[in-house]
Amino acid sequence: MYPVLRDGDEVDVDLDAFAAAAPRAGEIVLLRHPFRRGVTIVKRVLRVEDDGRVFVVGEDAVGSSDSRGFGALPPESVIGRVIIPPV
Amino acid sequence: MNERILPVAEAHCDGPCGVYDPASARIAAEAAVSMTKKINALVVPAASDKAAYVAYLNTLSRYVAIKEEQAHLCKSELLVLWTDYFKPPHLEAYPDLHDTFWKAAKLCSAVKVEVSETHCAELMAAVKRIHEIFWATKQRDVAWYTAS
């Protein structure tokens with residue numbers, strides 16, 4: 001998520017953010033990686049598909065592994081909304 | 001809201017193994033340097049001494065072949081570090097990073113193209129600089145050493 005986030009940055013995560021409503025495009029979310037056990041990732045929601053799956057992308061397009069590679073993720077993958085600290 | 005310690009989340013994804021060490025580039029560079037010195041140390045026998053001349057040509061050919069292969073391996077190892085290990089935040093700390101790697105790769109070519117102990121020394125200096133930058137980004141003090 002460089003340059004929005006850098007290695008070692010600490011962020012707060014709102015775990016209740018999506019209890020009532022789905023994530024929206026543009027939001028930065030914490031998700032479970034689709035196939036790496038125990039790995040959580042921080043990505044930006046590009047769009048929400050009709051079936052509720054989220055298509056997520058990293059900010060650094062060249063270096064990011066994201067939905068462009070592993071596809072849209074099921075809504076259960078989303079853990080919460082990442083709160084980016086103000087600059 | 002429940003508070004809990006959140007495990008570390010990955011904001012980017014590394015390559016499959018995540019194991020990087022500029023030592024592999026250094027070893028290949030040392031091999032190319034060694035072959036350059038061995039080529040220069042050969043004494044050309046008289047062409048009239050056929051057996052000796054054939055053996056000399058065979059030895060010279062093999063030394064050149066290995067110099068080429070090892071200089072290319074050094075270039076490949078450097079390119080893996082440059083493309084896969086180093087990331088945009090590193091560029092902030094080392095703005096000359098791309099230039100350093102570009103010149104190091106060109107020195108690998110120079111070592112192939114010529115039989116030059118000068119280019120060999122320049123290549124070793126470039127690999128040493130990359131070693132220093134690499135371990136600094138990992139905040140580890142790893143001493144530079146050469147095998148030969």
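Predicted model: local features only at pLDDT ≥ 70, side-chain atom pairs only at ≥ 80, totals over all residues.
Residues are numbered from 1 along each chain as written, and chains are lettered from A, ligands numbered from 1, in the order written. Local features need pLDDT of at least 70 and side-chain atom pairs count only at pLDDT 80 or more, while totals for chains, interfaces and linings use all residues.

Me: What pLDDT does the predictor give chain B?
Reply: The mean is 92, and 89% of the residues of chain B reach 70 or more. pLDDT is the predictor's confidence in each residue, from 0 to 100. For the complex, the predictor gives an ipTM of 0.70 and a pTM of 0.82.

Me: How many helices and strands does chain B have?
Reply: Chain B has five helices and one strand. Along the sequence the pattern is β-α-α-α-α-α. Helices are DSSP runs of H or I, at least four residues, and strands are runs of E, at least two, numbered from the N terminus.

Me: Why are α1(B) and α2(B) called roughly antiparallel?
Reply: Helix α1 (residues 23–41) and helix α2 (residues 50–85) of chain B pack at about 155 degrees, with axes 8 Å apart. The cut-offs are under 35 degrees for roughly parallel, over 145 for roughly antiparallel, 65 to 115 for roughly perpendicular, and oblique for the rest. Therefore α1(B) is roughly antiparallel to α2(B). Axes are lines fitted to C-alpha atoms, for helices over the stretch in contact, and angles run from 0 to 180 degrees between N-to-C directions.

Me: Which way do α1(B) and α2(B) cross, left-handed or right-handed?
Reply: The crossing is left-handed. That term applies if the near helix is turned anticlockwise from the far one by less than a right angle; clockwise is right-handed.

Me: What makes up the contact of α1(B) with α2(B)?
Reply: Its residues divide into 16 nonpolar, three polar and three charged. Ala, Val, Leu, Ile, Met, Phe, Trp, Tyr, Cys and Pro count as nonpolar; Asp, Glu, Lys and Arg count as charged; the others, Gly among them, count as polar.

Me: Why are α4(B) and α5(B) called roughly antiparallel?
Reply: Helix α4 (residues 97–113) and helix α5 (residues 117–137) of chain B cross at roughly 150 degrees, and their axes come within 9 Å. Therefore α4(B) and α5(B) are roughly antiparallel to each other. Their crossing is left-handed. The residues of this contact divide into 12 nonpolar, two polar and three charged.

Me: How do α1(B) and α5(B) pack?
Reply: The angle is about 170 degrees, with the axes 10 Å apart. α1(B) and α5(B) are therefore roughly antiparallel to each other. α1(B) passes α5(B) in a left-handed crossing. By class, this contact has eight nonpolar, three polar and three charged residues.

Me: What makes B:Ala32 buried?
Reply: B:Ala32 lies in helix α1 of chain B. A residue is buried if 20 or more other C-beta atoms, placed from the backbone, lie within 10 Å of its own; exposed if 12 or fewer; partly exposed in between. B:Ala32 has 27 within 10 Å, so it is buried. Of the 148 residues of chain B, 23% count as buried.

Me: Which residues is B:Ala32 in contact with, leaving aside neighbours within four places in sequence?
Reply: They are B:Lys67, B:Gln70, B:Ala71, B:Cys74, B:Val111 and B:Cys120. Contact means that the C-beta atoms, placed from the backbone, lie within 7 Å.

Me: Is B:Ala65 buried or exposed?
Reply: B:Ala65 lies in helix α2 of chain B. With 11 C-beta neighbours inside 10 Å, B:Ala65 counts as exposed.

Me: Which is the peptide bond from A:Tyr2 to A:Pro3, cis or trans?
Reply: The bond is cis, with omega near 5 degrees. Most peptide bonds are trans. A:Pro3 sits in the segment before β1 (12–14) of chain A.

Technical notes. Contact = placed C-beta atoms within 7 Å.
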